[in-house]
Amino acid sequence: MNQRHVSATEQSTEPTTGPTHDGRDQEFDRAIARILRGHGDSQTGVAQEVPEDSADGHTAWDGDQLDLADRRALRRAAGLSTELADVTEVEYRQLRLERVVLAGVWSSADSNRAEAEVSLQELSALAATAGSDVLAGVLQRRSTPDVSTYLGSGKAEALAELVAAEGADTVVCDGELSASQRRGLEDIVKVKVVDRTAVILDIFAQHAKSREGKAQVELAQLEYLLPRLRGWGESMSRQAGGRVAGGAGIGSRGPGETKIELDRRRIRGRMAKLRREIKGMGTARVEKRSLRHARAVPSVSIAGYTNAGKSSLLNRLTGAGVLVENALFATLDPTVRRAQTPEGRPYTLADTVGFVRSLPHQLVEAFRSTLEEVAESDLVLHVVDGSHADPEGQLAAVRGVLADLYVERGTPAVPELVAVNKADAADPEVLDRLLRKEQNAVAVSARTGAGIEELLARIAEQLPVPDVELEVCVPYDRGDLVHRVHTTGQVLDEEHTADGTRLLARVKPRLAAELDRYRLSRTA
């Protein structure tokens, strides 16, 4: 992404002591410089570029990556725009990010400046993934965002000057704006204003491929749009009542329902239809999950922050060949693949949608059927980017969403195994800190394969074990039963005798019933 750094002076809207105003301006200027300069390195949501085995930056474990070639062929062309110059006449504008200026508010009561910088860095990576050119950014210190313009009046005017100087056509705010805040800021900066949620929804709309994924994204977009509809002039006419309405009399009665109310009703109808469709699409996933449970096949769900390397790790463990890209929310559609423990016991690995700070609640609601794959699994493989500037923040963001999911479903939390990925690019001190802080964690590298064997062993240790222990002597002509014990159970001892194969094992009740006729003793 092409970037140029143009800093804006930062001003505080609350009385402070300590450095002078000019000193604070310089301090914030340096912060903005770090944010824009840091895009594309370990301080952002996008990891550092590291040497790969192939010319396009992928290892053999990632497969041919044909989908990636198609995606890159659809990149937006720089300099082309269909946006209106006067955005005040637009009721709803589809997101078309091109030349972007970022704006953020740092509330010292809620977070420190480093966290605010990391959040703005992540917004820069999100905007780049959506197809924009990030030019500059401003960061203002306020107790709370302004209720009418998000930024303070002085900072909003400074932002307007920066937008005009840079020739930007979009301002992206690091927060969720109300309809009045967006209109108020647009009136000042004279260009389109969008918020963090709109950027994330735009990325999801670009990357969704499956029928279910597209329906989920459309539902999230409509939920976001519904409270933000707006209209203008007499086209929004209401029903008027004769002489009471200014004496206009007969013929003055407009439609009983305003146009904006009609739009809202249509949107609600479309949302209801999408919810029914998504519920119907989830039936196939439920049936497959029930079949795996009936066959006593354990399931492992891969969860984690976006761009932490979940798809790369899935490719390394199973050879799935799913799309891998150094971008946020590169893959959205869940992928389930078969894997097996070192002893040969099969289980499934399911990749899920990535998480991000302040994940829009519309997306959480729309992708709930996909996230249920995590709640129904036997183990959560929580992947965190060890090379990120704030891996602890990533862990907390993901766990917050999962905790809400468990509470809503009324189910206990699923056991968690933390995989600190990108160990080859991470700071050794950060890795050591994470491994000491997380009691159940292992450091891995999906690119080089380091730590993969230990990860597989830890997964095998934590998969649920069958609950019926028995000792049997299976005739040699029933080798199929011995095979099922090895693949679906846990063999504690095995011996080949003259009468058959003697096994001491733990198996599921269904298989135990079939082995009961060959049982030697009843140990459970």
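A residue is called buried when its relative accessible area is under 20%, and exposed when that value is over 50%. The model on your screen is a predicted one.

With that cut-off in mind, select Lys-422, which sits in the loop between β10 (416-421) and α13 (428-437). Is this residue buried or exposed? Its relative accessible area is 16%, and because this falls under 20%, Lys-422 counts as buried. While it is still selected, look at the backbone as well, where phi is positive at about 60° although Lys-422 is not a glycine.

Next, move to Tyr-150, whose place is in the loop between β3 (133-141) and α4 (153-166). Here too the backbone has a positive phi, near 70°, in a residue other than glycine. The relative accessible area of Tyr-150 is 5%, so this residue is buried by the cut-off of under 20%.

Now select helix α9, residues 310-318, together with helix α14, residues 452-462, and turn the view until you can follow both axes. At what angle do these two helices pack? The angle is about 85°, and the axes lie 11 Å apart, which means that α9 is roughly perpendicular to α14. If you colour them by class, you will find five nonpolar residues and one charged residue in the contact of α9 with α14, and no polar ones.

Stay on helix α9 for a moment and select Ser-311, which is also found there. Ser-311 has a relative accessibility of 9% and therefore counts as buried.

For the last stop, select two cysteines, Cys-173 and Cys-473. Cys-173 is buried, with a relative accessible area of 0%, and Cys-473 is buried as well, with a value of 17%. How many disulfides does the model contain? The count comes to zero, because a disulfide would need a pair of cysteine sulfur atoms within 2.5 Å.

Note on methods: Residues are numbered from 1 along each chain as its sequence is written. This is a predicted model: local features need pLDDT of at least 70, side-chain atom pairs count only at pLDDT 80 or more; totals for chains, interfaces and linings use all residues. Side-chain values use heavy atoms; hydrogens and water are left out. Axes are lines fitted to C-alpha atoms, for helices over the stretch in contact, and angles run from 0 to 180 degrees between N-to-C directions. Helices (H or I, at least four residues) and strands (E, at least two) are DSSP runs, numbered from the N terminus. Angles under 35 degrees count as roughly parallel, over 145 as roughly antiparallel, 65 to 115 as roughly perpendicular and the rest as oblique. Ala, Val, Leu, Ile, Met, Phe, Trp, Tyr, Cys and Pro count as nonpolar, Asp, Glu, Lys and Arg as charged, and the others, Gly among them, as polar. Buried means under 20% relative accessible area, exposed over 50%, partly exposed in between (1.4 Å probe, protein chains only).
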